[in-house]
Amino acid sequence: MKISAKLVAPVALAAAFGLGMVAPHAQTTPQKVAFVDVSKLLAAHPNDKSIKDIQAKAEAELGAIDKQIKAIDAKGASATAAEKQTREQLVKTIQAKAADYDKQIDPKITEIEQAVDKAVNTVAKSNGYSIVMDKTVAAKSGLVIYADDNTDLTAAVAKNIK
């Protein structure tokens, strides 16, 4: 699984925001900060269902192959040469099928991420927010301990996802 810029960006943004707090504040305009629940926004996209369908199909197919591999692994040293060869073939098969599923899912994920980014930008700009963070990442990192519910733009952004 790829490390998404969506996971790194909030940390980088928080660091930049933190540095901005250290700078002198003579004559600076206050910046409005908002939060969104990125996982809810990704799930709100119309193509999320097709991704979940592909993932379910992959889990069913790859899970059956994985079960066969584990059965051979459970035999350990007592596995026959034929079973070991079968295991090798099953591993190659599961890797190839996983790559095929990734090729089906990756473009859909990219499309959804771009749509969410566009919706966040639109809502943030129209409401005068200069910083928008993923509230889950901000909370887990300890960067944000408390935020007023009025700073949550998730619902407004979800309405703008196309």
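This is a predicted model: local features need pLDDT of at least 70, side-chain atom pairs count only at pLDDT 80 or more; totals for chains, interfaces and linings use all residues.

**Notes on the model**

1. Asp66 and Lys70 are four residues apart in helix 3, so about one helical turn separates them. Their side chains meet in a salt bridge, with N and O at 3.2 Å. Asp66 counts as partly exposed because its relative accessibility is 28%, whereas Lys70 is exposed, with a relative accessible area of 53%.

2. Asp48 forms a salt bridge with Lys52, and the closest N and O atoms are 3.4 Å apart. These two residues are also separated by about one helical turn, because they lie four residues apart in helix 3. Asp48 has a relative accessible area of 12% and is therefore buried. Lys52, with a relative accessible area of 45%, is partly exposed.

3. Which parts of the chain does the salt bridge between Glu61 and Lys97 link? The side chains of Glu61 and Lys97 meet at 2.7 Å, N to O. This pair links distant parts of the chain, since Glu61 belongs to helix 3 and Lys97 to helix 4, 36 residues apart. Glu61 is partly exposed at 26% relative accessibility, and Lys97 is likewise partly exposed, with a relative accessible area of 28%. Side chains of opposite charge can pair when their charged atoms come close. The count for the model comes to seven salt bridges.

4. Helix 3 itself deserves a separate comment. The helix covers residues 48–75, which makes 28 residues. From the first C-alpha to the last it reaches 40 Å, close to the 40 Å expected at 1.5 Å a residue. Just after helix 3, Gly76 takes a positive phi of about 60°.

5. Where do the buried residues of helix 3 pack? Those residues are Asp48, Ile51, Ile54, Ala58, Leu62, Ile65, Ile69 and Ile72. They pack against helix 2, residues 38–44, and against helix 4, residues 81–126.

6. Asp134 is buried yet has no salt bridge. The nearest side chain of opposite charge is that of Lys135, 8.2 Å away, and a salt bridge requires the nitrogen and the carboxyl oxygen to be within 4 Å. The side chain of Asp134 does, however, reach the backbone nitrogen of Thr136 at 3.0 Å.

7. How far apart are Val38 and Asp134 in sequence and in space? They are 96 residues apart in sequence, and their C-alpha atoms are 5.9 Å apart in space. Val38 is found in helix 2, and it counts as buried because its relative accessibility is 14%.

8. Thr154 is found in helix 6, residues 154–159. Is this residue buried or exposed? At 10% relative accessibility, Thr154 counts as buried. Its side chain reaches the backbone nitrogen of Asp37 at 2.8 Å. Leaving aside residues up to four places away in sequence, Thr154 touches Phe35, Val36, Asp37, Lys40 and Leu41.

9. The chain as a whole may now be described. It has six helices and two strands, and along the sequence these follow the pattern α-β-α-α-α-β-α-α. The chain has 162 residues, of which 28% count as buried. Among contacts in the chain with a separation of 6 or more, 83% are accounted for by residues 24 or more positions apart.

10. A last point concerns the surface. The accessible surface of the chain comes to about 11,000 Å². Carbon and sulfur atoms contribute 59% of that surface.

Terms used
Residues are numbered from 1 along each chain as its sequence is written. Side-chain values use heavy atoms; hydrogens and water are left out. The expected span of a helix is 1.5 Å times one less than its number of residues. Buried means under 20% relative accessible area, exposed over 50%, partly exposed in between (1.4 Å probe, protein chains only). Contact means heavy atoms within 4.5 Å. Lys and Arg count as positive and Asp and Glu as negative; His and the chain ends are not counted. A polar contact is a pair of N or O atoms within 3.5 Å; within protein, one must be able to donate a hydrogen and the other to accept it, and residues adjacent in sequence count only if both atoms are side-chain atoms. Accessible areas come from the Shrake-Rupley method with a 1.4 Å probe; for residues, only the protein chains shown count as cover.
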